[in-house]
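Please keep the structure open while reading.

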Amino acid sequence: MPRSTEFRATSTHPVDAVFAAMIDRQILSDRLAVMGGPGAGILEYEKVGEGAKYRVKHGIDAQHLPGVVKTVVGNDGIQIERDETWTRAGDGYDGTVGVALPGLPARASGVMRLSPVGTGSELVVRVDVSVNVPIIGGKIEETVGKEIVRLLEMETDYTLSRL
């Protein structure tokens, strides 16, 4: 059974400025270079109307993985491919995200919303993580969910620092 995770962040910056930074190809590339891990980069990128669609790759070295995850992946680390699609929706932006871990029995998908809040903005990300491993799958889902929140915190801090 998938495990749900939610991330929420607010900013004093207006929604359009935050969105422009979030989908800026150079900022995205710089962010991956700083925190994307081994083999990180932009695999595909396309501006679509007032939105964007892109696929990025992250790498996590085995030494940075929790023990329960290492029981499944071994000492090779993991590669993560993430697809995001963003579109204008009313006074904000809606997005979808899909996460694949090639060669592993795990996946994640979710929805995102960037909305105006007062003179600032709020990003809300809801992700469902599913790991098909008997007995320890739930523990891995929990661990992956925590790692997703940690990654989103770092990415958001980085992106907002560029405004």
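Glu122 is buried, with a relative accessible area of 18%, where buried means under 20% relative accessible area, exposed over 50%, and partly exposed in between (1.4 Å probe, protein chains only). This is a predicted model, in which local features need pLDDT of at least 70 and side-chain atom pairs count only at pLDDT 80 or more, whereas totals for chains, interfaces and linings use all residues. Residues are numbered from 1 along each chain as its sequence is written, and side-chain values use heavy atoms, with hydrogens and water left out.

Glu122 belongs to strand β7 (residues 120-131); helices (H or I, at least four residues) and strands (E, at least two) are DSSP runs, numbered from the N terminus. The side chain of Glu122 makes a polar contact with that of Arg8 at 3.3 Å. A polar contact is a pair of N or O atoms within 3.5 Å; within protein, one must be able to donate a hydrogen and the other to accept it, and residues adjacent in sequence count only if both atoms are side-chain atoms. Leaving aside residues up to four places away in sequence, Glu122 touches Arg8, Ala9, Thr10, Arg113, Leu114, Ser115 and Val117, contact meaning heavy atoms within 4.5 Å.

## The sheet

Seven strands form an open sheet in the order β1-β7-β6-β5-β4-β3-β2, with antiparallel pairing; two strands pair if DSSP finds at least two bridges between them. The edges are taken by β1 (3-11) and β2, each with a single partner strand, so one side of each is left without a neighbour in the sheet. From one strand to the next, the twist averages 15°. Axes are lines fitted to C-alpha atoms, for helices over the stretch in contact, and angles run from 0 to 180 degrees between N-to-C directions.

Within this sheet, β2 and β3 run antiparallel and are joined by seven bridges, and Lys47 stands opposite Ala52 in β3. The two strands form a hairpin with two residues between them, and Gly49 in the turn has a positive phi of about 55°. Strand β3 also pairs with β4 in the antiparallel sense over nine bridges, with Glu84 in β4 as the bridge partner of Tyr54. Seven of the 10 residues of β3 are buried, so β3 is largely enclosed by the rest of the structure. Further along, eight bridges join the antiparallel strands β5 and β6, and Tyr93 stands opposite Leu114 in β6.

## Helices against the sheet

Helix α4 (residues 137-161) lies across β1, β3, β4 and β7, at about 15° to β1. Helix α2 (residues 25-35) lies across β2, β3 and β4, running at about 160° to β2. At the start of α2, a side-chain oxygen of Asp24 reaches to within 3.0 Å of the backbone nitrogen of Gln26, and after the helix comes Gly37, whose phi is positive, near 80°.

In α2, the residues Ile27, Leu28, Arg31 and Leu32 are buried. They cover an arc of only 135° around the axis, which puts them on the same side of α2; the arc is that of the directions from the helix axis to the C-beta atoms. Among the elements that cover these buried residues are α1 (15-23), β2, β3, β4 and α4, whereas Ala33 and Val34, on the other side of α2, are exposed.

## Salt bridges

A search of the whole structure finds 16 salt bridges, a salt bridge being a side-chain nitrogen of Lys or Arg within 4 Å of a carboxyl oxygen of Asp or Glu.

Salt bridges that share partners join Glu6, Arg8, Glu122 and Arg126 into one network.
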